[in-house]
Amino acid sequence: MLKQYRTFLSVVIIILLSTIVVLMMYSYTVETSLDTVKKDIQTNNLNRLRILVNSLDFNVEQLNMLSVALNAESKMGLLKSVDMMDNYEQDQLILDLSEKMKLQSFTQGWNVQIDIFSTLLNKWVGSSQNQTPPPVDMVEGRWVLESPQKLFSMYRKYEQNVVRVTFPKANLENMLDSAKLENNDPFFYYSDSIFISNRTLHTNLVQELVSKMSLKMQDTNEGTELISVGNMDYMVSFLKAQTLGWYMVDYVPLDKALQPIVKTQFFFYITCILLFLSGILTLIFFYRKVQVPILTLLKGVRQLQKGDFSHRISRTSNTEFAILYHNFNNMAQQIEDLIENVYKEKIISREALVKQLQAQINPHFLYNCLFFINNMNRMGNDEAVNAMTQNLAEYFRYTTRINDPLTTLEKEIGVVRNYLNIQSLRINRLHAQINIPDSMMSLIVPKLLIQPLVENSIIHGIEKKQSAGIIHISGSDDGDRYSLVVEDDGKGMTPEEIWSLLHRIEQPLDDTMGCALWNIRQRMLIQLGSQASLNITQSQHGGIRMELIWDKSSEMEE
């Protein structure tokens with residue numbers, strides 16, 4: 001069934017495989033591009049973070065240096081003896097230090113406040129509104145976020161005074177606002193889920209990212225991680241600011257960053273599917289216009305091969321195949337006419353050949369019988385002449401119906417019995433044994449198929465050996481074949497003589513050989529099929545064993 005669609009299916013498979021190969025190559029290219037883009041995003045994010053963190057570290061380091069430089073001022077040394085000054089001098093010194101600290105605060109570019117706590121005066125010198133003394137457990141030189149005031153503070157302790165530098169959290173918020181891009185949204189993170197964000201940050205999203213990133217950021221100062229929140233994937237980059245001890249974190253939603261490539265990939269897949277479908281539609285068009293007409297012609301050729309020469313192509317076409325259809329029908333018509341004529345001629349020829357072969361057998365037997373009658377007449381044996389005459393009459397009544405060359409095996413055996421009766425008149429020592437199954441008696445066989453074999457056994461076997469006189473005739477039904485055997489205990493033949501005889505009966509008939517066995521073989525080939533055969537071997541009784549074999553599939557009807 002699939003053979004007639006082999007070309008169509010082969011082209012479909014080729015198109016499918018080509019599409020799959022293109023998709024695989026493109027998918028590999030897209031995956032490579034996505035990996036490259038992800039690496040570029042990672043690199044760019046880390047570089048941006050380095051720039052921002054370096055700027056932050058620079059500013060904070062400047063504030064650290066400012067606290068050190070302030071201590072080197074000459075007026076700071078006067079604070080050591082401020083308790084010895086009168087009120088005017090104290091006020092003047094405090095005023096001068098306040099102006100100095102205010103001036104230095106403005107030079108940093110950030111909103112910064114510098115204060116000095118005098119242990120001798122037990123109060124803050126500067127613009128600080130908070131008059132609470134410095135904490136006892138303060139860590140010198142470390143920046144700490146003071147939650148109530150939302151200020152970053154750093155303390156430096158000197159002799160008789162403490163310098164405090166503060167800047168508001170808003171400085172970092174302003175820095176994050178300026179660093180925010182379309183897809184990037186940076187924030188600062190400290191331990192215990194403390195973070196500083198820009199003013200448009202999604203707090204819930206940041207909390208989920210921080211909860212998944214906190215453990216990973218404890219072991220390293222910088223890195224990049226892919227984190228999934230909901231149905232979104234985020235590339236999160238982080239870098240630690242050494243001066244503050246806070247991490248600057250930046251995250252990018254990958255779907256938005258990779259959207260152009262993903263969209264291109266989607267459209268490419270759609271295009272491949274459309275191209276595949278258009279290829280299938282084109283293939284179907286050619287299948288209908290080319291493959292189907294070819295299959296129609298092949299079907300017609302197969303019908304001719306099967307012997308159906310009446311087959312005609314009724315399919316219509318408006319292409320060049322219409323000419324082929326017309327020529328095919330003409331060719332089939334001519335072949336049918338030619339086959340019919342040749343077949344009729346062959347039938348007539350075969351019937352003529354059968355009648356000719358049958359006529360050749362009858363004179364051969366008649367000559368022997370007439371010689372016998374002549375001899376018995378000369379010997380005055382009227383009874384033998386009478387018996388011979390009656391048997392000859394029965395025999396020729398059977399054989400002269402040449403218009404019907406076929407008979408049943410039962411009738412053929414009857415003629416053989418008649419013939420054996422005739423021969424037993426001549427040969428008193430002749431005995432016959434016939435053993436044929438009843439199931440074979442209704443078989444249709446050519447006339448005079450067995451009698452010539454019996455005649456051959458008598459003439460060439462029994463008559464030439466004084467002690468011989470038994471003829472065995474048997475039949476068998478062996479599955480898909482029939483067999484008839486005639487054997488005697490006569491003179492017999494050597495294997496070389498048997499081989500020579502078989503070789504001669506396979507050759508065309510000429511005047512140098514007898515015609516009985518040749519006629520039987522030819523009639524079997526014509527009427528029982530090309531698989532029919534005549535086998536000659538040595539008999540276990542001492543004479544010759546002749547076996548007729550033909551297939552059941554070639555069984556004839558009367």
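Reply: Isoleucine 13 sits in helix H1, which covers residues 6–71. Please keep in mind that this is a predicted model. With a relative accessible area of 48%, isoleucine 13 is partly exposed, since exposed would need over 50%. Isoleucine 13 belongs to a nonpolar surface patch together with Leu9, Leu16, Leu17, Ile20 and Met24, and the patch has about 540 Å² of accessible area in total.

Helix H13 (residues 516–527) is another one to look at. Here 11 of the 12 residues are buried, so H13 is largely enclosed by the rest of the structure. Among the buried residues are Trp518, Ile520 and Met524, and also Arg521 and Arg523. The length of H13 agrees with expectation, because 12 residues at 1.5 Å a residue should span 16 Å and the end C-alpha atoms are 16 Å apart. After H13 comes glycine 529, with a positive phi near 100°.

Now to the aromatic residues. The whole structure holds 8 aromatic pairs. In one of them, the ring centres of phenylalanine 187 and tyrosine 251 are 6.3 Å apart and the planes make an angle of 55°, so this pair is tilted. The pair connects distant parts of the chain, with phenylalanine 187 in strand E6 (residues 187–190) and tyrosine 251 in strand E10 (residues 247–253), 64 residues apart. Phenylalanine 187 and tyrosine 251 are both buried.

Tyrosine 482 and tryptophan 550 also form a tilted pair, because their planes are at 45°, with ring centres 5.8 Å apart. This pair, too, links distant parts of the chain: tyrosine 482 lies in strand E15 (residues 481–488) and tryptophan 550 in strand E17 (residues 544–551), 68 residues apart. Tyrosine 482 and tryptophan 550 are buried as well.

There is also an aromatic cluster, made up of Trp143, Phe152, Phe167, Tyr190 and Trp246. Lysine 169 lies in the loop between strand E5 (161–168) and helix H4 (170–179). Its relative accessibility is 18%, so lysine 169 counts as buried, the limit being under 20%.

Notes. Residues are numbered from 1 along each chain as its sequence is written. This is a predicted model: local features need pLDDT of at least 70, side-chain atom pairs count only at pLDDT 80 or more; totals for chains, interfaces and linings use all residues. Side-chain values use heavy atoms; hydrogens and water are left out. Rings of Phe, Tyr and Trp (its six-membered ring) pair if their centres lie within 6.5 Å; planes under 30 degrees apart count as stacked, over 60 as edge-to-face and the rest as tilted. Helices (H or I, at least four residues) and strands (E, at least two) are DSSP runs, numbered from the N terminus. Buried means under 20% relative accessible area, exposed over 50%, partly exposed in between (1.4 Å probe, protein chains only). Patches are made of residues with over 30% relative accessible area and no salt bridge: like charges are joined within 9 Å, nonpolar side chains (Val, Leu, Ile, Met, Phe, Trp, Tyr) within 5 Å. Accessible areas come from the Shrake-Rupley method with a 1.4 Å probe; for residues, only the protein chains shown count as cover. A salt bridge is a side-chain nitrogen of Lys or Arg within 4 Å of a carboxyl oxygen of Asp or Glu. The expected span of a helix is 1.5 Å times one less than its number of residues.
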